[in-house]
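Please keep the sequence and the three-dimensional view at hand while reading.

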Amino acid sequence: MATSSVADLPGGPRGYLVLVALAHGEPPSQLALAQQVNLDRTVVTYLLDDLEARQLITRRPDPRDRRARQVLITDEGRAHLERAQHGLSLAEARLLADLDEDDAHHLRRLLMRVAQTAQREALIPDNDC
């Protein structure tokens, strides 16, 4: 059910990550967005092209640096994001149905820590090669 919640977004889970990142804060540049969601900038460019074609995001020149482009979520993008988040909430509730609220809260906190470690590790170059 979680996968189906983001299946209609261009890029699926990646498109969802981009919309979440854009829904909060100042509009980032394409490069800053790629770094924020930990995706190759070329991949992000193609993903943004697809999201823009579906009118979920828009791009404009950055007023501070005309060579850069800011990425903004559209109202349609926010609506898609809200639907995806609702679907993900339902999927999570089904998955955690056998846990009491304290256990569910504890599990979410632990998973957040694991995700933060994974994010941090992804940013560190692998020197074993």
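The points below concern a predicted model and are grouped by topic.

**The nonpolar core**

- In soluble globular proteins, nonpolar side chains tend to be buried together.
- The largest nonpolar core of this model has 22 residues, and the members that touch the most others are V18, L33 and L48.
- Two or more residues of this core come from each of the elements α2 (13–22), α3 (30–36), α4 (41–53), β2 (65–73) and α5 (75–95).
- Helix α2 supplies the largest share of the core, namely 5 residues.
- When residues up to four places away in sequence are not counted, L33 touches V18, A21, L22, P28, V44, L48 and V71.

**Residue A21**

- A21 belongs to helix α2.
- A21 counts as buried because its relative accessibility is 9%, and the cut-off for buried is under 20%.
- Apart from neighbours within four places in sequence, the contacts of A21 are L33, Q36 and V37.
- A21 and A68 are 47 residues apart along the chain, and 18 Å separates their C-alpha atoms.

**Helix α5**

- Helix α5 consists of 21 residues, and from its first C-alpha to its last it reaches 30 Å, close to the 30 Å expected at 1.5 Å a residue.
- The buried residues of α5 are G77, H80, L81, A84, G87 and A91.
- An α-helix has 3.6 residues a turn, so residues three or four places apart point the same way.
- The packing partners of the buried residues of α5 are α1 (2–6), α2 and β2.
- On the face of α5 turned away from its buried side are the exposed residues D75 and E82.

**Two residues with positive phi**

- N38 is not a glycine, yet it has a positive phi of about 60°.
- N38 is located in the loop between α3 and α4.
- With a relative accessibility of 31%, N38 counts as partly exposed, because this value falls between the cut-offs of 20% and 50%.
- Q55, also a residue other than glycine, has a positive phi near 60°.
- Q55 is found in the loop between α4 and β1 (57–62).
- Q55 counts as exposed because its relative accessibility is 57%, and exposed means over 50%.

Conventions: Residues are numbered from 1 along each chain as its sequence is written. This is a predicted model: local features need pLDDT of at least 70, side-chain atom pairs count only at pLDDT 80 or more; totals for chains, interfaces and linings use all residues. Side-chain values use heavy atoms; hydrogens and water are left out. A nonpolar core is a set of buried Ala, Val, Leu, Ile, Met, Phe, Trp, Tyr and Cys residues joined through side-chain atoms within 4.5 Å. Buried means under 20% relative accessible area, exposed over 50%, partly exposed in between (1.4 Å probe, protein chains only). Helices (H or I, at least four residues) and strands (E, at least two) are DSSP runs, numbered from the N terminus. Contact means heavy atoms within 4.5 Å. The expected span of a helix is 1.5 Å times one less than its number of residues.
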